[in-house]
Amino acid sequence: MNDLQIKKDKHGLPVWDAMISDVLYYLSNKGVVSSKEVKVKVADQLGLSDDLRNKTYEKDPSMIIVEDHVYWCMTVLTLCGGLTRVSRGMYEINDTGRDLLKNHASELTKEYIRNITKDTSTEISSNIEQLSKTDGDLIDEYSINIDDFNKRVSANLLKKIQNEDPDFFERLVVKLLVAMGYKGENGLAIVTPHSNDGGVDGIINQDPLGTSKVYVQAKRYKDDNVVLRPAIDEFSGALKRFHAQRGVFITTSKFSTHAIEAARGDSIVLIDGAHLMELMLQYHVGVQVKQKFELFEIDEDFFDN
């Protein structure tokens, strides 16, 4: 395989139809072979770095991308008649496959195979068109759609919170930190009263005796109302008065560059509106699961037995 001439996918790996001739060549020197062997051996022979050879899909870490590509080569070759499925999970090259390898090895792309099948079988040609995308590609597409939906939910959730009163937001951020596990077993989480908060909106005791505490400042701002350095300095002063070691400043807007620098110097954790929405969805605070999805894949081990 000439690396300079091979079309690659977004992962930096050869696209699945770039390996059609590799699959045929491997099987041309074998008899009946299991699909598992073909996936592993062909992938091993591509000369990839260890990182690329073992790279998996972000949304499905159990699936090795290059082996998934080899699998789709076998699927398409079986559909177009180049491979014969002898029994469950067992394949061999046939005369059509040998002819493709001998006379058309440099032409073997999904477009070529679609063209040679379109006049003989509309169904096969249509299936090959659908198989232009691998399992992992489809999973990525579904995940992108779900991410886009959740981004819209996040945007609406942020606007809804910004329209609530400040007291509501203070209670919300304390609930979020509790959901994240900061309260600890038998700990205590409180929202401080406005009349005597000492510059702190919430306190979380991480143990029954309160020997470890997290102090919270919450600012429910509109998008254009950026948290500036004076607000960080004020919170830092409050932490010093409480002899606090941990401080978390949470806002529905953003932090200025100077505010970020000040927080870094005082070891204050900052959570802006975008990060806040991520955490609320992750820990199911203010939201509920609308629907769960199950994605299935063929159990190749089942067919190899």
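Biologist: Ground rules before we start?

Modeller: The model is predicted, so local features need pLDDT of at least 70 and side-chain atom pairs count only at pLDDT 80 or more, while totals for chains, interfaces and linings use all residues. Residues are numbered from 1 along each chain as its sequence is written, and side-chain values use heavy atoms, with hydrogens and water left out.

Biologist: What order do the strands of the open sheet take?

Modeller: The order is 6-7-8-9-10, five strands with mixed pairing. Strands here are DSSP E runs of at least two residues, helices are H or I runs of at least four, and both are numbered from the N terminus. Two strands pair if DSSP finds at least two bridges between them.

Biologist: Which strands stand at the edges?

Modeller: Strand 6 (188-191) and strand 10 (268-271). Each has a single partner strand, so one side of each is left without a neighbour in the sheet. From one strand to the next, the twist averages 20°.

Biologist: And how do strand 6 and strand 7 pair?

Modeller: In the antiparallel sense, over four bridges. V191 stands opposite G202 in strand 7.

Biologist: Now strand 8. Which strands pair with it?

Modeller: Strand 7 (residues 202-205) pairs with strand 8 in the antiparallel sense over four bridges. N205 stands opposite K213 in strand 8. Strand 9 (residues 247-251) runs parallel to strand 8, joined by five bridges. There, A218 has I250 as its bridge partner.

Biologist: How many residues of strand 8 are buried?

Modeller: Five of the seven in residues 213-219, so strand 8 is largely enclosed by the rest of the structure. Buried means under 20% relative accessible area, exposed over 50%, partly exposed in between (1.4 Å probe, protein chains only).

Biologist: What unit do strand 8, helix 10 and strand 9 make?

Modeller: A right-handed β-α-β unit, with helix 10 at residues 229-241. Right-handed means that, with the strands pointing away from the viewer, the path from the first strand over the helix to the second runs clockwise.

Biologist: Switching to helix 5. Which residues are buried?

Modeller: In helix 5 (residues 95-104), G97, L100 and L101 are buried. Down the axis, the buried residues fall within an arc of 90°, so they line one face of the helix. The arc is taken from the directions from the helix axis to the C-beta atoms.

Biologist: What about the other side of helix 5?

Modeller: D95 and K102 are exposed there.

Definitions and conventions. Axes fitted to C-alpha atoms, helices over the stretch in contact; angles between N-to-C directions.
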